Amino acid sequence: APPKSFCCRSQNKQATNHRHREMKRYIIALALTGIVDAISYMVVTPSLIFYVLENGGTNDQYGLIMSAFSFASFCAKPILGWWSDATKSFRIPYITSLVVSTLGGLVYLLASALPAGPAAVG
């Protein structure tokens, strides 16, 4: 039989390799989320000004909308991080944020079907 120290080292190495694979999956998921978030921001930002102005809004209202978006992101990310740590699960907060982000994208996509005018911008 192999020495006990050899057996333990082998098990530790397998556990370490498993943790590395698991961590690699999480890093890839986070990177993809960041890329999708950046792309959605790059799509919405340049086109939003035209939507706001077309519906009777001003440049100041556009700035306010963009500031609200950034502030909401600033507030939500620590909450999602806390939630992920508190539940010891990455999946639930991750999937929830993806669903909310997708719904936001759909609302923006369908916004052109809403009635035009000052009420659309507030």
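Me: What pattern does the chain follow when read along the sequence?

Reply: The model is a predicted one. Along its sequence the chain follows the pattern α-α-α-α.

Me: How do you know which helix is given with the lowest confidence and which with the highest?

Reply: By the mean pLDDT, a score that runs from 0 to 100. Helix α4, residues 118–121, has the lowest mean in the chain, at 55, and α2 has the highest, at 89. The chain averages 79, and 84% of the residues score at least 70.

Me: Why is Ser-84 called buried?

Reply: Buried means under 20% relative accessible area. Ser-84 has 18% relative accessibility, so Ser-84 counts as buried. This serine lies in helix α2. Leaving aside residues up to four places away in sequence, Ser-84 touches Ser-89, Phe-90 and Pro-93.

Me: How many of the residues in the chain are buried, as a percentage?

Reply: Buried residues are 11% of the 122 residues in the chain.

Me: What makes the contact between α2 and α3?

Reply: The two helices pack at an angle of about 145°, and their axes are 8 Å apart. On the α2 side the contact is made by Leu-80, Trp-83, Ser-84 and Thr-87; on the α3 side, by Ile-92, Pro-93, Thr-96 and Ser-97. Sorted by class, the contact of α2 with α3 has 4 nonpolar and 4 polar residues, and no charged ones.

Me: What share of the contacts between residues at least 6 apart in sequence joins residues at least 24 apart?

Reply: The share is 57% of those contacts in the chain.

Me: What is the volume of the largest pocket, and why is the word pocket used for an open space?

Reply: The volume is about 1100 Å³. A probe in a cavity cannot get out, whereas a pocket is an open set of points, so an open space takes the name pocket. Of the 32 residues lining the largest pocket, the closest to its centre are Asp-37, Ser-73, Lys-77, Ser-97 and Ser-101.

Me: Which elements give two or more residues to the lining of the largest pocket?

Reply: They are α1 (4–54), α2 (59–87) and α3 (91–110). The most comes from α3, with 12 residues. By class, the lining has 18 nonpolar, 12 polar and 2 charged residues.

Notes. Residues numbered from 1 in each chain as written. Predicted model: local features only at pLDDT ≥ 70, side-chain atom pairs only at ≥ 80, totals over all residues. Heavy atoms only, no water. 1 Å grid on protein atoms, 1.4 Å probe; cavity = no way out; pocket = protein on both sides within 12 Å on 5 of 7 lines; lining within 4 Å. Points joined across faces, edges and corners; volume = space filled by probe spheres on them. Helix = DSSP H or I, 4+ residues; strand = E, 2+ residues; numbered from the N terminus. Nonpolar A, V, L, I, M, F, W, Y, C, P; charged D, E, K, R; others polar. pLDDT = per-residue confidence, 0-100. Axes fitted to C-alpha atoms, helices over the stretch in contact; angles between N-to-C directions. Contact = heavy atoms within 4.5 Å. Buried < 20%, exposed > 50% of the residue type's maximum accessible area, 1.4 Å probe, protein only.
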